Amino acid sequence: MNTARPALSNPKINWLAAAASLGVVALATVVLWWMGRIWWCACAGWTPWSFNIWSSHNSQHLVDPYTLSHVLHGLVLYGFLLVITGGHWPGLRLFLAVVIEVAWEVIENTPRVIQAYRESTIALDYNGDSILNSLADIAACMAGYAAAGLLPMWISAVSFGVVELVMIWWIRDSLLLNVLMLFWPVEAVKQWQMGAMP
């Protein structure tokens, strides 16, 4: 595969794509609010991070261990969209990446998916994300997307593997394990993950 950087398209089109992307994020904010998501952790503490995945603070602050998995979303989306567009239309690729990530944030906070997480993964007390956590997840995805656009593809691929291993070591979970357990639950994996519960 040719790994040369594709030429940028018309800057005006890129600005339009960026503005449309911000519009999609704003719309998602309204949709999440309409769905009954709270803006911030009910604890009312303003610490911007929470690193205990077993606590009710998980997914309620700006940053948590799963922020890393959203960075990986960005790496994957960049590579996927680069391949399917043949390296053309960078503005459109950015817009599509935002739409896909925003769609996931909305779907992830529906009652059905929240229940699936509670039943099939180690997110036993998961009640969905706060709105600001969802927005931070989208920003993390875009950071990963931007990094993938700047780095050689092999570094993006190695970075994906390193982050996965760090997450598995740290919280016994990762993007790939999360997908596995959400769609094809393996009881032995869940029991191993639960072994880290304090």
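Colleague: Which hand does the crossing of H2 and H6 have?
Modeller: This is a predicted model, and the answers below rest on it. H2 covers residues 67-85 and H6 covers residues 153-171. Their crossing is left-handed.

Colleague: How is H2 oriented relative to H6, roughly parallel, roughly antiparallel, roughly perpendicular or oblique?
Modeller: The axes of H2 and H6 come within 10 Å and cross at roughly 150 degrees. Angles over 145 degrees count as roughly antiparallel. Therefore H2 is, relative to H6, roughly antiparallel.

Colleague: Which residues of H6 meet H2, and how many residues of the contact are charged?
Modeller: From H2 come Leu68, Ser69, Leu72, Leu75, Val76 and Leu82, and they meet Met153, Ser156, Phe160, Val163, Glu164, Met167 and Trp170 in H6. By class, the contact of H2 with H6 has 10 nonpolar and 2 polar residues, and the number of charged residues is 1.

Colleague: Is Ser69 buried or exposed?
Modeller: Ser69 sits in helix H2. Setting aside neighbours within four places in sequence, Ser69 is in contact with Met167 and Leu175. Its relative accessibility is 7%, and the cut-off for a buried residue is under 20%. Ser69 therefore counts as buried.

Colleague: How is H2 oriented relative to H5, roughly parallel, roughly antiparallel, roughly perpendicular or oblique?
Modeller: Helix H5 spans residues 131-150, and the axes of H2 and H5 come within 7 Å and cross at roughly 45 degrees. The crossing is right-handed. An angle under 35 degrees would count as roughly parallel, and 65 to 115 as roughly perpendicular. H2 is therefore, relative to H5, oblique.

Colleague: Which residues of H5 make the contact with H2, and how do the residues of the contact divide by class?
Modeller: H2 contributes Thr67, His70, Val71, His73, Gly74, Leu75, Leu77, Tyr78 and Leu81. H5 contributes Asp137, Ala140, Cys141, Gly144, Tyr145, Ala148 and Gly149. The residues of this contact divide into 9 nonpolar, 6 polar and 1 charged.

Colleague: What is the relative accessible area of Gly144?
Modeller: Gly144 lies in helix H5. Leaving out neighbours within four places in sequence, Gly144 is in contact with Val71, Gly74 and Leu75. Gly144 is buried, and its relative accessible area is 0%.

Colleague: How many aromatic pairs are there, and which parts of the chain does the pair of Phe51 and Trp170 link?
Modeller: A search of the whole structure finds 5 aromatic pairs. In one of them, Phe51 and Trp170 are 5.8 Å apart centre to centre with 55 degrees between the planes, and the pair is tilted. The two residues are 119 residues apart, and the pair links the loop between helix H1 (11-34) and H2, where Phe51 lies, with helix H6, where Trp170 lies.

Colleague: Why do Phe51 and Trp170 count as partly exposed?
Modeller: Buried means under 20% relative accessible area and exposed means over 50%, with partly exposed in between. Phe51 is partly exposed because its relative accessibility is 43%. Trp170 is partly exposed because its relative accessibility is 38%.

Colleague: What kind of pair do the rings of Phe183 and Trp184 form?
Modeller: Phe183 counts as exposed at 52% relative accessibility, and Trp184 counts as exposed at 57%. Their ring centres are 5.9 Å apart and their planes are at 55 degrees, so the pair is tilted.

Colleague: Where is Ser59, and what is its phi?
Modeller: Ser59 is in the loop between H1 and H2. At 8% relative accessibility, Ser59 counts as buried. Most residues other than glycine have a negative phi. Ser59 is not a glycine, yet its phi is positive, about 70 degrees.

Colleague: What is the phi of Arg172?
Modeller: Arg172 lies in the loop between H6 and helix H7 (175-183). Arg172 is partly exposed, with a relative accessible area of 26%. Its phi is positive in a residue other than glycine, near 55 degrees.

Colleague: Which residues is Ile53 in contact with, leaving aside its neighbours within four places in sequence?
Modeller: Ile53 is in the loop between H1 and H2 and counts as buried at 11% relative accessibility. Ile53 and Met197 are 144 residues apart in sequence and 9.1 Å apart, C-alpha to C-alpha. With those neighbours set aside, Ile53 is in contact with Asn58, Pro65, Tyr66, Ile122 and Ile171.

Terms used:
Residues numbered from 1 in each chain as written. Predicted model: local features only at pLDDT ≥ 70, side-chain atom pairs only at ≥ 80, totals over all residues. Heavy atoms only, no water. Axes fitted to C-alpha atoms, helices over the stretch in contact; angles between N-to-C directions. Helix = DSSP H or I, 4+ residues; strand = E, 2+ residues; numbered from the N terminus. Left-handed = near helix turned anticlockwise from the far one by under 90°. Contact = heavy atoms within 4.5 Å. Nonpolar A, V, L, I, M, F, W, Y, C, P; charged D, E, K, R; others polar. Phe/Tyr/Trp six-rings, centres within 6.5 Å; stacked < 30°, edge-to-face > 60°. Buried < 20%, exposed > 50% of the residue type's maximum accessible area, 1.4 Å probe, protein only.
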